[in-house]
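The following exercises concern a structure shown below. Each task is followed by a solution worked in steps.

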Amino acid sequence: MVQAVGGSGGIGRVGVDGSILSSLASPETLDLVAQMISQELLDDAILNVVFEVHQSVKTGLMMLELGSLEEEHKFLQVNAEGLDVFGQAPIKKQHECICPSCSRNLAASRFAPHLEKCMGMGRNSSRIASRRIQNSTKENSHNHTGGSDDDDDDDDWVIDRKRKKRDKNSPRRSKNAKLKSDSISSSSSVESTLASGTTEEKRAILKQICGVISEHTHKMCTRSLRCPQHSNEQRQAVRDQVLNGSGGETTTRAADSTSRSLGDAEDMHVDIDGLDDGQLASSWDNDHSNTTSPADSTSTNNSTSSLAKRSGNKSKKKSSSKSSKSSSSSHGSLLD
Amino acid sequence: MSMEGCVHLSEFKSTKGTQPFRLIYSFFVFCTSKAARQQKAKWCVCSVCGNHSPRLHACLHCVHFACYQGHIQDHSTSMQHNLVVDVEQGQILCMACGDYVYDLEVGRIAQACKEKFRRSLGLDTQYRAWEPDAVEMTLLQAHPKRRRPAANSTIGLRGLINLGNTCFMSCIIQALTHTPLLRDYFLSDKHVCQFNNDATRCLVCEISRLFQEFYSGNKAPLILHKLLHLIWTHARHLAGYEQQDAHEFFIAALDVLHRHCQGNPPSNGDSTHTCSCIIDQIFTGGLQSDVVCQACNGVSTTIDPFWDISLDLGPCPYGTSKADKTVPTSLADCLDRFTRPEHLGSSAKIKCSGCQSYQESTKQLTMKKLPIVCSFHLKRFEHSNRLHKKISTFISFPEHLDMTPFMSNRRNNNNNHNGVTTHPTDINNRYSLFAVVNHVGNLDAGHYTAYVRQHRDQWYKCDDHMITRATIQDVLQSEGYLLFYHKQILEYD
């Protein structure tokens, strides 16, 4: 097969001995020798490739490597307005993923904020931890003002996040933070409604959210009514329970979690991360023991923080020094 | 696939062993010593016509050299010596079969001699095409389907789902997965894991898996939650969700990859403490820093490794000369400023080893060793004097970049002669753009996108899960935050 390659025959003969040097004297022979050498190098290089191909054909390696080609039309690019190269329109479908840290199934678009808390990372982790310690000590001493502390912390948290945003080039943080603080006021009404509201009000809330209480987290699902994670039977069961008033403790706990997670209700996903079961239960119990819910008063402070400054001393006398501090600080954050 | 040459060759081997091959290869084909080369020059001529060419062959049965123009054939038929070997290429020709034959064992002997031959002449290792081993051979046989991505194929492209402000990660992953040499490394399955291939612990395995995903032909966007988890686990300083800077993420990702790659400890003979891992092979360059004492002109030189070059964009804060006042408008301007001698000022006196006293000095940075992938970071985010702003000035950057003017040898020469010298540009210093990361928006609200090159000269815009076609003009007109350049020519070593 290789025999077809002829090589560069017919090039002049040059003796091996001293005649080389003498023959180099004339330009013609010099040219001839140079040409001969370059020809030989070229032949060599070509022959190298020829042998390589010949070997791979002869040993069968070439056929093995070539194989059979896959159909290419499956992978052709699409070049159309509004579509990506795969021919797909911008996705509407929610992608889900399983957190490698806690194995929970959650929406991919909410994964990063979840993971931060799940791994106990970032600047909030120490805050959450200290809150936990604070709460457990309070539980022992039995003389604290309940949920207001908790919400104070939340308030602090909001400010800190905003401050952080200025330091770092963190986009889209302000919206998130605002939403959080606003939601506390709106959510607390949901909380109280589900706890003590009329059946009509409860029904109105359950018309908006799925509401099924998770077995693992004991929290209420705040996704839409068509949430794929829970069945219609489950939803019906919750409605029976809540509306018939037989829910008891479970309901109030669920309501509590609902109120907190409604901050993210726009995304229709449960923000279950920053919460601690024990802590919730304890704060809720305290709320019950008080006639005026501390959660309510704090939320008032939050929602009217800017107003509170204007109305000055006319605001409720009973708001502790702590809550007024929180209102002024949240005011500061708004100015920022 | 046949590993044996032919019956005649097998017969020859069984009666005479492999010693004749060893002798002929090391003396007459790939001469392993100077003496052998002299012998070859003397003896390797056609015994009939006295020529060195064409295609001289040696008989395996007796000492006989003849050319391919009939003379070796004549010898073979008259003597019944079937096997001859080409003295330049080393291939064995079987006259009985009428073709060149390939035997695995003989091939190995030839290869060993050839390597010895090149070493004896001080030549580098020669490029050799990939040859599958026994395992790979069976794999190839079991999976006959081959994929050859055409220029307009979607293979190699994949959208990435935003996990909640994680566009900083998506754009870096897009840049990494389109780094030609990194792609070749992972697609040829070179990574040897030090965590027993536990993809939940090894970031390199996860990147390797990503490459498989990118080239799988799947069109659905990828969810990088495992990757994010791994990076946050191994680079705690990133402090989670608030980390938003693509450049910081890029450096952190390289650092984790580098730590997970350290299968081979730094090679012992190397004085430059370079690591042989793929990350260092591709991304690490050497930056030379020359501090010149203003009193005695003594130079103290240090060389530091770098993964990227951060370039200032605003006007020079304490420059006095005219050149310092001008604001850079191109990548070349930025690099010029980066490699310019900088007066360290009277407040920062450095102890000079020459005059043993604290003296004012100048400092100059130059490129000692260029990495295969050169990444430039345009410092668009300015944080100084409680003033935080984004510099959005247009900085032009070329599609092809020549780094020769910024090399240590070149730059220092220029200082001495103070004139435009016309050095020939070294072809090894030429780079091509292959990825650009852009930041749109301002400090408070922004988004990262990336342009990547695929199929040699096609560009794509990656905006999270949306991958769309782009032109080189789009890329060169974009603002540019991180610029990734790949060497045009690679040397084997």
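Which residue of β4(B) does B:Leu83 stand opposite? B:Leu83 stands opposite B:Cys94 in β4(B).

**Conventions.** This is a predicted model, in which local features need pLDDT of at least 70 and side-chain atom pairs count only at pLDDT 80 or more, while totals for chains, interfaces and linings use all residues. Residues are numbered from 1 along each chain as its sequence is written, and chains are lettered from A and ligands numbered from 1 in the order in which they are written.

**Exercise 1.** Determine the strand order of the sheet in chain B that contains β3, and trace its pairings.

*Solution.* Step 1: helices (H or I, at least four residues) and strands (E, at least two) are DSSP runs, numbered from the N terminus; two strands pair if DSSP finds at least two bridges between them.

Step 1: the open sheet has 5 strands in the order β2-β1-β3-β4-β5 of chain B, with antiparallel pairing. Its edge strands are β2 (65–66) and β5 (99–101), each of which pairs on one side only.

Step 2: β1 (residues 57–59) and β2(B) are antiparallel and share 2 bridges, with B:His57 opposite B:Ala66. On to β3(B), β1(B) forms 3 bridges, again antiparallel; here B:Ala58 has B:Val85 as its bridge partner.

Step 3: a further 3 bridges link β3(B) to β4 (residues 92–94) of chain B in the antiparallel sense. The hairpin of these two strands has 5 residues between them, and B:Gly90 takes a positive phi near 85 degrees.

**Exercise 2.** Classify the residues on both faces of β3 (residues 83–86) of chain B as buried or exposed.

*Solution.* Step 1: a residue is buried if 20 or more other C-beta atoms lie within 10 Å of its own, exposed if 12 or fewer, and partly exposed in between, with C-beta atoms placed from the backbone.

Step 1: B:Leu83 and B:Val85 on one side, and B:Val84 and B:Asp86 on the other, are all buried, and both faces are covered.

Step 2: for contrast, consider B:Asn297 in the loop between β7 (285–293) and β8 (299–306) of chain B. B:Asn297 is exposed because 11 other C-beta atoms lie within 10 Å.

**Exercise 3.** Describe the contact of chains A and B.

*Solution.* Step 1: two residues are in contact if their C-beta atoms, placed from the backbone, lie within 7 Å. The contact takes 62 residues from chain A and 66 from chain B.

Step 1: on the side of chain A, α2(A) gives the most, with 9 residues.

Step 2: β1(A) and β6 (residues 145–146) of chain B run parallel, joined by 2 bridges; the partner of A:Leu69 in β6(B) is B:Arg146.

Step 3: as to confidence, the model scores ipTM 0.71 and pTM 0.64.
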